[in-house]
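Here are a few exercises to work through with the model open in your viewer. Try each task before you read its solution.

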Amino acid sequence: MVSLLPLRLEGAALVRRGRTLVGPIDLDLPAGDVTAVIGPNGSGKTSLLRMMHGLQPARGRIRWSVPEAEARQRQAFVFQRPIVLRRSVAANLAYPLRLRGVPREEARARADEQARRFDLTTLLTQPAPSLSGGELQRLALARALITEPELLFADEPCAALDGRATRAVETHLARAASRTTLVLATHDMGQARRIATRVIFLLHGRVHETGPADAFFSDPQTEAARAFLRGDIVE
Amino acid sequence: MDDLLAGFAAAFRLIVTLDAELIEITLLSLRVTLTAVAIACLIGLPLGAWLAVRRFRFRRTVIATLNALIGLPPVVVGLVVYLMLSRSGPFGVLDLLFTPTAMIVAQVVIVTPLVASIAHQAMRELWAEYHDLLISMGASRWQRMATLILDGRRALLTAALAGFGRAIGEVGAIMIVGGNIDGATRVLTTAIALETGRGDFALALGLGIVLIALALIVSGASHWAMRTERHGRW
Ligand SMILES: Nc1ncnc2c1ncn2[C@@H]1O[C@H](COP(=O)(O)OP(=O)(O)OP(=O)(O)O)[C@@H](O)[C@H]1O
Ligand SMILES: [Mg+2]
């Protein structure tokens, strides 16, 4: 199978009512990395992820190495605010498989197995909308990974979680990273340090600095990145 | 007051004696209306879902038209269907005038816009909620519609019930295209109109009570079905 990646952005930009919200951005996303997309609130993290995933019509070029319809089937997205179907947890887990034509019984079995991995077994028959914030995040991640995507976008998957739940999600992400290229928007620098191999630092909708995570955290090249890592307000 | 009491007495008598004519009329009412509502749902629910998930040029116009059609006076619908089905009309050869089928056709025309409009309203809200997820998962257009219809089934039941309520109580259109023929096209509403005209208020009221009971039973039964489903399926 031809790899989905690299994903190539050429002058990609998000423009609304004449105002450029994000971009233009030139970027290559190779296979295998865990990329942390960081930056202050409103710097364009969510928009960049949505644009790369093809959820947002954008200017410029966003190119996969396979046709777009196929590319969509091989990647997944975990939203900043989890979206669940008004169905049971089990049905939510099985849903992406059912969309791909996996028979009901098999989908059910794989959903059970995924629930076990993500500690959702006791919740399987619950209506998904009634779950707690942390449980919702876990369900969204488990559902996104059930199709074993080559590429996973996760938009602040730990934003609503306490320390223990955050660790649990990070463990799942780290495990997934052996098979899946990860793009992770986060404002948790500890998290970015722990799991990222590459960093994209956004400011005002533009890529301000990018590079290997080690280098970025130990020796940021720009004044804004240094200030951001110190926890100062970045203008 | 006496009329009202006599009405209840008549209704009671008709029901406990399982009056043959009452049963025939009631069954025909149910048959015509349930068939019409079923057809209206087959058209209206997918139409509502489709309007929710598809962006196209005249979408707003279609929705506005749909909403305007809800206000269509049933008598006028009856008249138009009558003209279509009459001997000299375009569908005259089918010989459908004054049959239950003609009544079903008229009711489908009356009820479909209502069902589609309520369905669209509900589907639109659900689509706003699901949009990013379904696009992200690469659901096809049919899969999107199926998901909306399945997950919005409670709201869609409301649409169907509204359609049923409108159809079962409708009299103008089916009077015109059905003709209120005894033993052939007489239903509860047309029978009530007839008995009231004749001055037999007791019988008219009796039929009216049966009509109301019917509406209550159907809506109660479907709500009950949804309740048990909610407890079972989740
Ligand atoms: N569809 C849209 N229409 C108008 N403005 C938008 C739209 N989407 C995003 N924006 C704006 O673009 C900017 C970037 O938003 P975005 O959600 O990408 O930021 P973010 O980095 O994810 O922020 P946060 O850390 O708060 O999640 C914001 O100013 C936002 O208001
Ligand atoms: Mg965001």
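**Exercise 1. Find which polar backbone atom lies 3.0 Å from an oxygen atom of ligand 1, then work out from there what surrounds ligand 1.**

Step 1. Start at A:G44: a polar atom of its backbone sits 3.0 Å from an oxygen atom of the ligand. That counts as a polar contact, meaning a pair of N or O atoms within 3.5 Å; within protein, one must be able to donate a hydrogen and the other to accept it, and residues adjacent in sequence count only if both atoms are side-chain atoms.

Step 2. Move on to side chains. An N or O atom of the A:K45 side chain comes to 2.7 Å from a ligand oxygen, and for A:S47 the distance from a polar side-chain atom is 2.6 Å.

Step 3. On its own, ligand 1 has 640 Å² of accessible area, and the protein covers 64% of that (Shrake-Rupley method, 1.4 Å probe).

Step 4. Look at the rest of the shell, which includes A:R16, A:L21, A:Q80 and A:E156. Sorted by class, it has two nonpolar, seven polar and three charged residues. Here Ala, Val, Leu, Ile, Met, Phe, Trp, Tyr, Cys and Pro are nonpolar, Asp, Glu, Lys and Arg are charged, and the others, Gly among them, are polar.

Step 5. Helix α1 of chain A (residues 45–53) gives the largest share, three residues. Helices (H or I, at least four residues) and strands (E, at least two) are DSSP runs, numbered from the N terminus.

A word on the ground rules: this is a predicted model, where local features need pLDDT of at least 70 and side-chain atom pairs 80 or more, while totals for chains, interfaces and linings use all residues. Residues are numbered from 1 along each chain as written, chains are lettered from A and ligands numbered from 1 in written order, and side-chain values use heavy atoms, leaving out hydrogens and water.

**Exercise 2. Describe the contact of chain B with chain A.**

Step 1. Count residues: chain B brings 16 and chain A brings 21 (contact means heavy atoms within 4.5 Å).

Step 2. Get the area. About 1800 Å² is buried between the two chains, with 57% from carbon and sulfur atoms; buried area is the accessible area (1.4 Å probe) that two parts lose on being put together, summed over both.

Step 3. Pick out the salt bridges (a side-chain nitrogen of Lys or Arg within 4 Å of a carboxyl oxygen of Asp or Glu). Three cross this interface. One of them pairs B:E129 with A:R86, closest N and O atoms 2.7 Å apart.

Step 4. On chain B's side, α5 (100–136) and α6 (141–151) each supply at least two residues, and α5(B) has the largest share with eight.

**Exercise 3. Which elements of secondary structure make up chain B?**

Chain B has ten helices and zero strands. Its C-alpha trace spans about 65 × 50 × 30 Å along the principal axes.

Terms used: Near = heavy atom within 4 Å.
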